[in-house]
Amino acid sequence: MAEPRLRAHTGWNARLWLAGGWLLLALLAALFAPLIAPQDPLMQDLMFERLPPFWHQGAEPGYWLGTDSLGRDLLSRLIYGGRVAFVVAFIAATAACLVGSALGLIAGYYGGWADRIVSRIVDIWMAFPPVLFAILLVAVLGTGLTSVIIAIAVIDWTRFCRVVRAEAMSQSRMDYVENARTAGFGRFAIMLREVLPNVLPSIVALLSLEMGIAVIVEAILSFVNLSISTDDPTWGGIIAEGRLSIHQAWWVLVFPLIALFLTVLSFSQFGEGLKARFDPVLR
Amino acid sequence: MTGAPCLDIFNLSATLANGSRVLRSVSLAVAPGEVRALVGESGAGKSMIGKAVLGVLPPSVHIVEGRITLEGADLTGMPPKQRRAQIGAKTALIPQDPLTALNPSRRIGPQMTDRLVKILGWDAARADTRIRHLLDEVQIREPERVIRAYPHELSGGMRQRVLIAAAFAAEPRLIVADEPTTALDVTVQKQILRLIAALQREHGTAILFVTHDLGVVAKISQKVSVLYAGKIVEEADTHALFAAPKHAYTRALMAATPKYTDPLASLKPVDEAVLAGLSAEIAEADGTWRAHG
């Protein structure tokens, strides 16, 4: 029984470090953007428009990944765009996680009416196409970072709710829960002390995955110009601009896509790796 | 062993939501310090009696009549909160499956001291001393390691020892042992059984010992109740029961127990005629039950 799990575990571990490494790098860059970014991300310079990345002929030192059609430094814009991505990822995913996990835990553990009510709400919620729902919400709330965060939390709490409900439900049937009942503990205390720790590894994995999803949704919203003001760089916004000049300056489209791809992939792999670490049975 | 019984179940009946009966007018008294075996085949309702006593019947099972009295306090008539406090203070469970009866994501030590500290209000140091003492009594050699271990780091036998230690730790008046050896392999079964018997003698705890294994019954109990389809068909001192079983079903059950010397020939299913007789008995009991219910 231990053999294959052990092997799988070391496999995940490498991913945990690679994914964690990229996330740490991107996070530090975003945190210290003013110190790290080689140029002002908003400074336009028509002398330096559409400079290619550093390995191409005609590249200028200090503009490592080239410039866009207004002469703004792409690397600096990516680093500043990362700030928006990480803020949205952390706050929106955490909010969705808290709401969804709490409701899922209650529904799964208590069952009965609590479960029926929560499950129906989740069913109704899931009937909306998520991206259209997000666009609708932001349109109603008005554009801006807060609206984007609220929209993601409001839409994606159901993801946590469904998983946590199912896990809490199966844990509640375990003998150790009954054991705690006979020892004289109340249901709420058992839910927090006995059931929650066993659901936690899944919550952690899902939280990390959700951060990746939040990064994508933010990129989509800024791609359609519904995120923060267009002056501030966002990955989605840069992709939208890059799309217009794809034939003259491919790098403006490709680099933000790579950043987005690596970040989202890292979040999901990091979550899986953490889950394997967290889970005492898999450890 | 005269005086008030430790556990007194009187005329207890329970049904499922669809009306089918799980327990039929079960009456059963366990004296303080007595080991009472509850035997019957699977589905006879023997675990249900244990669960009813501990207040953890599944939501689909409802008690429709009868009384459960624990040391003179009527559990069935109590508000739930008070009932839970009574059960928590005076009873304990030795569960069937040691693999699922411990929380996989918590260390053994806190799981053992939880009830002592949080329900009975002991201070942490006293609880700690107490569980070390009990771990010693169940012959666990490295209490330090076990206290810090997660359940998956221990073998099934070790976990069952931990659960036995935990059950005796709070000095309950009554322990419900729900097939405590069924999930263990045969060599470990015997040790665990001896351990329960030794601790029972030492602590003078009454035990309601639920099992389907007549061999276990003979080893550990003073009295036996034989259960069929939720009804007690025979009740006797263990010696008397094995010497001269009165009910046809008890005799059939004994005949169905495999014997080491001749395992194949001794494995007899319960006779059709006996089952027919039982069905008639149950139907008759149900008739009277319906008449006044």
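Author: Gladly. Helices (H or I, at least four residues) and strands (E, at least two) are DSSP runs, numbered from the N terminus. By that count, chain B has 12 helices and 10 strands. This is a predicted model, in which local features need pLDDT of at least 70 and side-chain atom pairs count only at pLDDT 80 or more, while totals for chains, interfaces and linings use all residues. Residues are numbered from 1 along each chain as its sequence is written, and chains are lettered from A and ligands numbered from 1 in the order in which they are written.

Reader: What makes chain B as compact as a globular protein of that length?

Author: The test uses the radius of gyration, taken over C-alpha atoms, and a globule rule of 2.2 Å times the number of residues to the power 0.38. For 293 residues the rule gives 19 Å, and chain B has 20 Å, which is close, so the chain is as compact as a globular protein of that length. Its C-alpha trace spans about 60 × 50 × 40 Å along the principal axes.

Reader: And which elements does chain A have?

Author: Chain A has 10 helices and zero strands. The C-alpha trace of chain A spans about 80 × 50 × 30 Å along its principal axes.

Reader: Why is A14(B) called buried?

Author: A residue is buried if 20 or more other C-beta atoms lie within 10 Å of its own, exposed if 12 or fewer, and partly exposed in between, with C-beta atoms placed from the backbone. A14(B) has 22 C-beta neighbours inside 10 Å, so it counts as buried. This residue is found in strand β1 of chain B. Of the 293 residues of chain B, 40% count as buried, and in chain A buried residues make up 46% of the 283.

Reader: Why is G144(A) called partly exposed?

Author: G144(A) has 14 other C-beta atoms within 10 Å, and therefore it is partly exposed. G144(A) is found in the loop between α5 (130–141) and α6 (145–172) of chain A.

Reader: Which residues is A14(B) in contact with, leaving aside its neighbours within four places in sequence?

Author: Two residues are in contact if their C-beta atoms, placed from the backbone, lie within 7 Å. With those neighbours left aside, A14(B) is in contact with V22(B), L23(B), M48(B), A52(B), V61(B), H62(B), I63(B) and V64(B). Contacts also show how the chain folds back on itself: among those in chain B between residues at least 6 apart in sequence, 68% join residues at least 24 apart. For chain A, the corresponding share is 72%.

Reader: How do you know that β1(B) and β2(B) are paired?

Author: Two strands pair if DSSP finds at least two bridges between them. Six bridges join β1 (residues 7–16) to β2 (residues 21–30) of chain B, and the two strands run antiparallel. One bridge partner is V26(B), which belongs to L12(B), and T15(B) stands opposite R21(B). The strands form a hairpin with four residues between them, and G19(B) in the turn has a positive phi of about 95°.

Reader: What makes β2 and β5 of chain B edge strands?

Author: The open sheet has four strands in the order β2-β1-β4-β5 (chain B), with antiparallel pairing. β2 and β5 (73–74) of chain B each pair on one side only, and these are the edge strands.

Reader: How do you know that the span of α3(B) agrees with its length?

Author: The expected span of a helix is 1.5 Å times one less than its number of residues. The 12 residues of α3(B) should span 16 Å, and the end C-alpha atoms are 17 Å apart, which agrees. Several residues of α3(B) are buried, among them I108(B), M112(B) and L116(B). What covers the buried residues of α3(B) includes α2, α4 (124–137), α5 (143–148) and α6 (156–169) of chain B. Just after α3(B), G121(B) takes a positive phi of about 75°.

Reader: Where do the chains touch, and how many residues take part?

Author: In chain B, 23 residues are in contact with 14 residues of chain A. The largest share of the chain B side, five residues, comes from α2(B).
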